[in-house]
Amino acid sequence: MTKPRVLSGIQPTAGSFHVGNYLGALRQWVAMQDTHDTFYTVVDLHALTVAPEPAEVRERTLSSFAQLIAIGIDPLKSTLFVQSHVREHSELMWMLACITGFGEASRMTQFKDKSAKQEAASVGLFTYPILQAADILLYQADEVPVGEDQRQHLELTRDLAGRFNSRYGQTFTVPKPHIVKDTAKIVDLQEPTAKMSKSLPSGCVFLLEPLKTIEKKIKSAVTDSETVIAFDPENKPGVSNLLTMQSAFTGTSVEELVVSYEGQMYGALKKNVAEIVVAFAEPFQNRVNELLNDKAELHRLMKVGADRATEVAAATTVNAQERMGLIPR
Ligand code: TYM
């Protein structure tokens with residue numbers, strides 16, 4: 001029996017992945033390698049939507065590629081590639097853009113949030129979710145492991161796949177989001193109502209930052225004015241977030257953790273979570289450094305992944321082109 005197909009992507013927009021990326025998505029990427037046919041991509045074209053410095057794009061793309069391997073993505077098991085190396089992403093995006101309603105694209109909340117924070121939002125930022133749909137549909141993905149913040153983009157992808165199929169004939173698999181409820185939204189350590197994100201660095205734990213900083217950020221996490229360690233995301237978002245983190249990193253259920261903390265103060269919880277995250281980050285950092293010391297090998301692996309991804313992407317694109325009436329070259 002063929003394994004179900006998975007595709008997911010991560011932007012190389014920060015110098016380091018963070019705990020939200022890891023628990024919300026990347027952990028699932030690693031686990032799915034054994035049960036699914038997995039395609040994972042560093043979405044450098046998406047990163048261009050906010051006009052970063054070219055040197056930064058280069059460095060972060062390479063680092064993201066290394067971080068994915070360090071976190072457990074095995075380039076022999078998964079097709080691991082850089083988005084811009086497979087030109088079909090841009091080609092299919094255009095075709096999908098032509099069946100996307102302007103109003104439909106305007107409803108994307110992430111665009112509204114991001115454009116509100118910028119002086120001048122680019123057209124690229126506006127069409128970002130259509131490029132994301134192309135990423136997914138090119139590989140006929142059945143499932144897409146992501147955090148909660150990507151749900152709306154996945155809905156758009158499903159709508160576009162369904163629309164294309166009904167207008168032009170069966171072409172794309174309609175993908176399902178794979179969102180693990182417990183860790184779907186890791187919140188900011190300083191503002192526990194916001195999702196943990198690189199745009200709020202003080203409450204965001206980056207896996208590549210100095211271990212002392214990681215420890216300090218977790219130990220100074222905002223909690224609440226009570227003293228009892230309990231899981232109640234609504235009323236105790238800070239404490240609940242720390243419990244979620246400890247549970248996800250250790251595999252112990254939140255219920256068991258709460259029992260084990262009976263009679264203890266918030267300090268004990270913070271200290272344990274800090275230790276656990278540091279113990280995870282330390283070998284991860286060493287592995288990333290090792291990988292970045294051999295750039296030739298990283299480039300070789302990028303090419304292997306790009307070649308394998310291109311095979312699948314090219315077949316889908318030619319099919320979609322023919323169905324839309326474009327004459328194949
Ligand atoms: P990006 O690069 O912002 O984040 C990568 C993944 O991490 C998840 N995530 C979180 N999960 C839980 N809690 C958090 N605080 C948190 N912060 C981030 C994200 O949901 C995501 O799964 N648009 C995508 C990249 C993309 C993509 C794709 C994803 C491009 N093409 C195709 C899937 C399929 C993004 O910006 O993710």
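**Before starting**

The model is predicted, and for that reason local features need pLDDT of at least 70 and side-chain atom pairs count only at pLDDT 80 or more, while totals for chains, interfaces and linings use all residues. Residues are numbered from 1 along each chain as its sequence is written, and side-chain values use heavy atoms, with hydrogens and water left out.

**Stop 1: the ligand and its shell**

The ligand is surrounded by 27 residues, and the closest are Tyr-128, Asp-135, Gly-147, Asp-149 and Ile-186. Show Tyr-128, and you will find a polar atom of its side chain 2.7 Å from an oxygen atom of the ligand. Asp-135 places a polar side-chain atom 2.6 Å from a nitrogen atom of the ligand, whereas Gly-147 uses a backbone N or O atom, which lies 2.8 Å from a ligand oxygen atom. On its own the ligand has 710 Å² of accessible area, and the protein covers 97% of it; such areas come from the Shrake-Rupley method with a 1.4 Å probe, and for residues only the protein chains shown count as cover.

Now colour strand E1 (5-10), helix H1 (19-32) and helix H7 (123-138), which are the elements that give two or more residues to the shell around the ligand. Helices (H or I, at least four residues) and strands (E, at least two) are DSSP runs, numbered from the N terminus. How do the residues of the shell divide into nonpolar, polar and charged? There are 11 nonpolar, 12 polar and four charged residues, where Ala, Val, Leu, Ile, Met, Phe, Trp, Tyr, Cys and Pro count as nonpolar, Asp, Glu, Lys and Arg as charged, and the others, Gly among them, as polar.

**Stop 2: Gln-150**

Select Gln-150, in the loop between E4 and H8. Gln-150 is buried, with a relative accessible area of 13%; buried means under 20%, exposed over 50%, and partly exposed in between (1.4 Å probe, protein chains only). Its side chain is joined to that of Gln-132 by a polar contact of 3.1 Å, that is, a pair of N or O atoms within 3.5 Å, of which, within protein, one must be able to donate a hydrogen and the other to accept it, and residues adjacent in sequence count only if both atoms are side-chain atoms. Leaving aside neighbours within four places in sequence, Gln-150 is in contact with Gln-110 and Gln-132, contact meaning heavy atoms within 4.5 Å.

**Stop 3: aromatic rings in helix H8**

Move on to helix H8 (residues 151-168), where Phe-164 and Tyr-168 lie four residues apart, about one turn of the helix. Their rings form a tilted aromatic pair, 4.7 Å centre to centre and with 50 degrees between the planes. Rings of Phe, Tyr and Trp (its six-membered ring) pair if their centres lie within 6.5 Å, and planes under 30 degrees apart count as stacked, over 60 as edge-to-face and the rest as tilted. Phe-164 is buried at a relative accessible area of 0%, while Tyr-168 is partly exposed at 25%. The whole structure holds 11 aromatic pairs, and ring pairs also link Tyr-22, Phe-249, Phe-280 and Phe-284 into a cluster.

**Stop 4**

Next select Glu-209, in the loop between strand E5 (176-178) and helix H9 (211-219). Is Glu-209 buried or exposed? Glu-209 is buried, with a relative accessible area of 13%, and its side chain reaches the backbone nitrogen of Phe-206 at 3.0 Å. Beyond its neighbours within four places in sequence, Glu-209 is in contact with Cys-204, Ile-214, Lys-217 and Gln-285. Ile-214 lies in helix H9 and is buried at 0% relative accessibility. With neighbours within four places in sequence again left aside, the contacts of Ile-214 include Val-277, Val-278 and Ala-281.

**Stop 5**

Finish with Ala-66 in helix H3 (residues 54-71), which counts as buried at 0% relative accessibility. Ala-51, in the loop between helix H2 (44-47) and H3, counts as exposed at 68% relative accessibility. Its phi is near 50 degrees, a positive value in a residue other than glycine.

Technical notes. Near = heavy atom within 4 Å.
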